[in-house]
Amino acid sequence: MSHSVQIKNALISVYYKDNLEPIIHELNRLGVKIYSTGGTETFIRDLSVDVIAVEDLTSYPSILGGRVKTLHPKVFGGILARRSFDSDEQQLAQYEIPEIDLVIVDLYPFEETVNSGASQEDIIEKIDIGGISLIRAAAKNYKDVVILASKNDYSELEEILKAQQGATTIDQRRRFAQKAFNISSNYDTHIFQYFDQSEPMPVFKQSIQTSQVLRYGENPHQKGTFYGNLDAMFTKLNGKELSYNNLVDVDAAVALIDEFTDPTIAILKHTNACGIATRSFIKEAWIDALACDPVSAFGGVIIANDEIDAATATEIDKIFYEVLIAPAFTDEAVQILSAKKNRIVLIRNRVELPLKQFKTLLNGVIEQDKDNTVEGPAKMNPVTDKKPTEPELKDLYFANKVVKHTKSNTIVFAKNNQLMASGVGQTSRVDSLKQAIIKAKSFGFDLKGAVMASDAFFPFPDCVEIAADAGITAVLQPGGSIKDQDSINMCNQKGIAMVTTGVRHFKH
C-alpha cells in the first residue's frame, strides 16, 4: 500500500530555523503554497518566497500575546480532513478550508528553559499549546499528511522532496508520525515532571530521547539497548564499543570513585571493587590497588580520579583490562594505552547524574533515591571501652565508602587507605568474613592493625570474634540489632574498638 500523496499546501511555524532555508526553496520550486506565522513567516519572506499569513487564512489575528495563533478550524480542519471521506472533502469545500499536506512545527524549548534556571513565569510560557496540537493532529492523520516535528529531520525531508518531486509514501509519513509522537510524549513527560509533587500518589514517567543498540545484553542471546547520551558522559580515546556488562561495571565504578577526592584508583569486577587505594600520586595508587587482588583484576574495569600519566599508563598496560576511565590522560599515556586496539579508554566528562534509581521488577518498576550519604568520623559513634585511634577512624571511613558500593552481604578490610580484602554477596555475613580473611591471606596481607566495615549489623558476636582473632583492631557497623550488646561485649573482651553509624548500606 504505497498511497502516495503530493504536497500542495504546507504549514510551517518553527522555533528553530536552522537548516530550514533549503526546504523552503525546494517547496517553492515545487509550487507548494506555504502558510506560516510570526517569526517563521518573516523568515520565509526574507528568502523572497511567497507565504500566506495564517491570520489571512483564518481571518482572525494572533491574540493573547501570541498564545493563540493556529488554534482554528481552518487550520486543524485542513490537517485532520480524511481525503478518502467524501463528507470531509465536502466540508472543506463548504468552509473554504485548504488541505494541508505538510506540517513543519517544532516545540518551545521547555526542558532547556527549566535547566537554565529561568523563572517560573518564563518556564510556563514555554509550555507549547498550538505546536503540540498541530503535531498530534498531523501525526494522527499520517495517511494523508507529512509531519516534521524536529529540525533533525529537515535533511531527510529535503531528500524526499527532491527525489520524489514533492510526493511522499505512506511508509515515509508513518515514520515521520512515529518520530513526532516520540517528541510530543517526551515533551509532555518533562512538563509533568516539572509539576509533579508526587501527591496524592507517585507516578512513574521517564522519557529518554537518545539510545544506543548494544552488541547484546548480559549474555549473547539477549538483546540490549542503552538509553542515554554516552557521548556526553565520556570521550572515547580507544577501543571497541561498551557492552551491556561494561556499562553496568562502569556505572558502579563511577559511583565508587566519586566518594574519593585524593588521588585514587579502583579496579572493579562484576560491580565490586577487587582493588582500591588512595595515595599521594596516581601511580602509587595503581600499584597498591592492583596488589589487593591481581587475579581478579584481570579483565576488570579501572577508574581513576586523577590524570593518568605515562608512567602510570606503562604499569596499567602490563595487565589485561576491559575499560580504563580517568578525567584526563597525557598524550604519552594515550599513545601507550592505544597500542592495544580493543581496550576501551575513556575520558570522563563532568555530567550531572540523576538523583533517582529505577529498574524493572515483576510486572512494574521500583524507584528509589540514590544512596548519597556516607558516614565519616564525625558520625561514627564509639560504643566500646576502647576508642578507635585517628588512623583507625580514617581507615574506617575509607572502608565504609567501599562497603557502600559492594554487594551485600559484605565485609571489607582496609588499612592505610588501601583495600586489603572483601567478602561480597554471600548469604551469610560469617561467610563474607571468612571469604575476606582467606583472600587477604592469599595475597600476603597481614590483617594485624587493619579495620573492618560491615554493610549491616551483627546479629551475633561470631563475626567480631573471628575478625579480632584475625588481627582486626577496629570495627564499623550501622548497629540496630536487638543483640548489638553481644557484639559490643565481644569487642571489649577482645580489646578492639567498635563504632556504629546508624545508617545501613545494603546493595542488592
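Tutor: Start with a definition. Buried means under 20% relative accessible area, exposed means over 50%, and partly exposed lies in between (1.4 Å probe, protein chains only). This is a predicted model, where local features need pLDDT of at least 70, side-chain atom pairs count only at pLDDT 80 or more, and totals for chains, interfaces and linings use all residues. Residues are numbered from 1 along each chain as its sequence is written, and side-chain values use heavy atoms, with hydrogens and water left out.

Student: Why is Y16 called partly exposed?

Tutor: Its relative accessible area is 26%. That value is between 20% and 50%, so Y16 is partly exposed.

Student: What makes D455 buried?

Tutor: D455 has 1% relative accessibility. The limit is under 20%, so D455 counts as buried.

Student: What does the side chain of D455 make a polar contact with?

Tutor: The side chain of R429, at 2.4 Å. A polar contact is a pair of N or O atoms within 3.5 Å; within protein, one must be able to donate a hydrogen and the other to accept it, and residues adjacent in sequence count only if both atoms are side-chain atoms. A polar atom of the D455 side chain also lies 3.4 Å from the backbone nitrogen of T410.

Student: Why is L64 called exposed?

Tutor: Its relative accessible area is 61%. The cut-off is over 50%, so L64 is exposed.

Student: How many aromatic pairs are found in the whole structure?

Tutor: A search finds eight. Rings of Phe, Tyr and Trp (its six-membered ring) pair if their centres lie within 6.5 Å; planes under 30 degrees apart count as stacked, over 60 as edge-to-face and the rest as tilted.

Student: Why is the pair of Y15 and Y16 edge-to-face?

Tutor: The ring centres of Y15 and Y16 are 5.0 Å apart, and the planes stand at 75 degrees. That angle is over 60, so the pair is edge-to-face.

Student: What makes the pair of F298 and F320 tilted?

Tutor: The centres of the F298 and F320 rings are 5.1 Å apart, with planes at 45 degrees.

Student: Are F298 and F320 exposed or partly exposed?

Tutor: F298 is at 54% relative accessibility, so F298 counts as exposed. F320 is at 30%, so F320 counts as partly exposed.
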